[in-house]
Every structure is written in C-alpha cells, then in structure tokens.
Amino acid sequence: MKFLADVHLGGMTKYLRALGFDTLYFDKIEDNKIIEIAKSDDRIVLTKDRALCERLKGRCYLVKSKKTIEQIKEIAKKFKLKNDASPFTRCLKDNTLLEHVDKSEVLDRLPLKVKKFYTSFKICPVCKRIYWLGSHYERMKKVLDSIVV
Ligand SMILES: [Zn+2]
C-alpha cells in the first residue's frame with residue numbers, strides 16, 4: 001500500500017514512514033499533479049480537501065482527525081496498517097528504504113554516547129542520515145505501539 005499525503009499532513013507522514021509505508025509528501029504541490037502521481041504510481045491520497053478527494057474517484061481517503069496522533073490512528077485503523085507495518089525501515093525525511101551500515105563506516109559521525117552504547121546502524125542512501133535504535137527509537141516505538149493496536 002502506497003500513500004501520498006497532501007500538504008498539512010506532514011506530521012502524519014513521518015509516522016507512516018516510521019511504520020515502513022511508502023508515503024510521498026510535498027510542501028507545495030498542485031492538485032493536478034497529485035492526481036497524476038496517484039494514478040501513475042498507484043497511490044492512495046490522504047487529504048483533508050473534499051473537492052480534491054472527489055476528483056480522485058476512490059483513490060483517496062478524507063482524513064477527519066485534526067491532531068497528528070489521531071490522524072495516524074485513524075489511517076492505521078482504516079487501512080489495517082498493523083498487518084503490513086515494518087517499522088524503522090524507511091527514512092523519515094525522504095521516504096527512502098534504509099540500508100544496513102557497519103558501525104566502523106559511520107564511526108566518525110556518531111555522538112559519543114551512541115558510539116559507546118549502540119552496535120546496529122542503518123543509513124539512508126539518499127540523505128546519508130544515520131539511524132540507530134536509541135532513545136528516539138524508543139519514544140517513536142511507544143507511539144507506534146499505541147497506534148497499531
Ligand atoms: Zn534520507
């Protein structure tokens with residue numbers, strides 16, 4: 001299942017990516033372009049814009065909740081995301097699939113504490129951001145666990 005989140009749904013986009021779902025997001029995009037991508041790329045558009053949703057003829061879901069956490073819960077329930085989730089496999093920033101990287105290769109870029117306490121790392125091949133199972137991960141995991149019940 002692939003998504004395209006409309007502007008104003010950037011917060012929710014991060015959670016969808018954290019759950020491992022391919023989710024496109026643009027700060028600025030015209031409706032026509034959204035429709036074009038949704039068709040060519042077979043994506044479900046998540047939006048709060050009813051008029052846009054009608055133009056997408058079923059390839060769309062109208063998000064009702066206002067708060068980010070409520071929105072992601074709503075989507076998780078609607079699309080039964082729990083079954084297909086694969087958390088922490090995708091870059092939160094640009095949606096790219098993460099790759100494993102040896103600690104030795106990124107050692108000079110790690111904060112001291114991370115260097116000391118963590119052994120398993122992933123890297124985004126596009127933006128080169130490094131991911132590890134640290135406190136940020138624990139916080140995010142708690143939220144994700146509460147979402148996909
Ligand atoms: Zn990235």
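Visitor: Are cysteine 53 and cysteine 60 buried or exposed?
Guide: This is a predicted model, in which local features need pLDDT of at least 70, side-chain atom pairs count only at pLDDT 80 or more, and totals for chains, interfaces and linings use all residues. Residues are numbered from 1 along each chain as its sequence is written, and side-chain values use heavy atoms, with hydrogens and water left out. Buried stands for under 20% relative accessible area, exposed for over 50%, and partly exposed for what lies in between, with a 1.4 Å probe and protein chains only. By that scale, cysteine 53 and cysteine 60 are both buried.

Visitor: How far apart are the sulfur atoms of cysteine 53 and cysteine 60?
Guide: A disulfide is taken as a pair of cysteine sulfur atoms within 2.5 Å, and by this rule the count comes to one. The link of cysteine 53 and cysteine 60 is left-handed, with -110° about the S-S bond. In this disulfide, the sulfur atoms of cysteine 53 and cysteine 60 are apart by 2.1 Å.

Visitor: What is the relative accessibility of cysteine 127?
Guide: Cysteine 91 has a relative accessible area of 0% and is therefore buried. Cysteine 127 counts as partly exposed, because its relative accessibility is 26%.

Visitor: Which residue in E7 is the bridge partner of lysine 122?
Guide: Strands are DSSP runs (E, at least two residues), numbered from the N terminus, and two of them pair if DSSP finds at least two bridges between them. Three strands form an open antiparallel sheet in the order E5-E6-E7, where E5 (99–101) and E7 (130–132) each have a single partner strand, so one side of each is left without a neighbour in the sheet. Strand E6 (residues 121–123) pairs with E7 over three bridges in the antiparallel sense. The partner of lysine 122 in E7 is tyrosine 131.

How values were computed:
Helices (H or I, at least four residues) and strands (E, at least two) are DSSP runs, numbered from the N terminus.
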